[in-house]
Amino acid sequence: MRWCRFEEDGRAVHGIVEGDRVVAVEGDPFSGHAPTGRIHRLSGIRLLPPVVPPTFYAVGLNYARHIREAADRKGVPADLPTQPDVGYRANNALIGHGADIVIPEGATKVHYEGEVVAVIGRTARNVSEAEALDHVLGYTIGNDVSERNWQRSDRTFWRAKNADTFKPMGPWIDTEARLDRMETIVRRNGEETIRFRTDDMIFGVATFISTMSRYLTLHPGDVIWMGTDGSSPDLQAGDEVEIEITGIGTLRNRLVGAS
């Protein structure tokens, strides 16, 4: 099943994607839903981020190539993490599929990061790795847009990672996607720039959920962005970034300059 969230008569509603149409529902995938009988063409609606998370978690360094390439650019040895490490992002940065990423004034080195996003479906507290994935509703796609110069200077990444529009997510949540069958493909202006196995992580989704749940409670709707592989070219206004994850779909957003 594919769950989306979209704008209908000026309000946000949830829907189930069935081919090229969306069936609107009352409620949501976390607390229950009922059909409304309202059906829309997928091409005729404005998709919103498929969930507004109670808590927005993001894994920092979780793919070896990404870490090694960054270390090579700095001329230092690669320092791979020895334990799962997670941070936070801000909901103000979320936008949906098709919305514009606005490059803020003063931003000069903007990069994409194509990430698979685990969406929590059931409350998780002190869960084992074996049962961790039972608490996942499904997966969506995130683009962790980053301003690298600000990332180096801002100790908390408050603007480098969390500027308005810097977190496209969507287009929907796929409840049947299989991590072991996924491949992440990123394109800029239609040209492929990177491709990698989505589950080629240092620490997987189950490990993160189990580790996190020892210290904090994960709630339905929480999201965990799982990190990225490789590196990004410098982006500029007019560029269009597509992040395809096989089994889920494609998240597409264009970059524009600040007005």
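1. Let's start with the core. The largest nonpolar core has 57 residues, and those with the most contacts inside it are Val116, Tyr139, Ile209 and Ile248. A nonpolar core here is a set of buried Ala, Val, Leu, Ile, Met, Phe, Trp, Tyr and Cys residues joined through side-chain atoms within 4.5 Å. Buried means under 20% relative accessible area, exposed means over 50%, and partly exposed is in between (1.4 Å probe, protein chains only). Helix H4 (residues 205-213) gives the most to this core, with five residues. Apart from this core lies another one, of 14 residues, including Ile16, Leu94, Val119 and Leu137.

2. A quick word on where this comes from. This is a predicted model, in which local features need pLDDT of at least 70 and side-chain atom pairs count only at pLDDT 80 or more, while totals for chains, interfaces and linings use all residues. Residues are numbered from 1 along each chain as its sequence is written, and side-chain values use heavy atoms, with hydrogens and water left out.

3. Which residues is Tyr139 in contact with, leaving aside its neighbours within four places in sequence? They are Val116, Val117, Ala118, Leu133, Trp172, Ile173, Asp174, Ala177, Leu179, Met182, Val205 and Ile248. Contact means heavy atoms within 4.5 Å.

4. Now look at strand E11 (residues 136-143), where eight of its eight residues are buried. Helices (H or I, at least four residues) and strands (E, at least two) are DSSP runs, numbered from the N terminus. E11 pairs with strand E10 (residues 114-120) in the antiparallel sense over seven bridges, and with strand E13 (residues 167-174), also in the antiparallel sense, over three bridges. Two strands pair if DSSP finds at least two bridges between them. Ile141 in E11 is the bridge partner of Val116, and Ile141 also stands opposite Gly170 in E13.

5. Back to H4: is this helix mostly covered or mostly uncovered? Mostly covered, with nine of its nine residues buried. What covers them includes E5, E6, E10, helix H2 (129-132), E11 and strand E16 (223-225).

6. On to the open spaces. The largest pocket has a volume of about 700 Å³. Of the 26 residues that line this pocket, the closest to its centre are Leu61, Ala70, Arg73, Lys74 and Gln151. Helix H1 (64-74) and helix H3 (148-153) are the elements that give two or more residues to the lining, and H1 has the largest share, six residues. A pocket, on a 1 Å grid over the protein atoms alone, is an open set of points where a 1.4 Å probe fits, with protein on both sides within 12 Å along at least five of seven lines; lining residues have an atom within 4 Å of a point. Grid points are joined across faces, edges and corners, and a volume is the space filled by probe spheres set on the points.

7. The second largest pocket holds about 180 Å³ of space. Of its 15 lining residues, the closest to its centre are Val59, Gly60, Leu61, Asp85 and Val86. Strand E5 (56-59) and strand E6 (86-88) are the elements that give two or more residues to this lining.

8. Finally, have a look at Asp85, which sits in the loop between H1 and E6. Asp85 is exposed, with a relative accessible area of 56%. Leaving aside neighbours within four places in sequence, Asp85 is in contact with Val59, Gly60 and Phe208.
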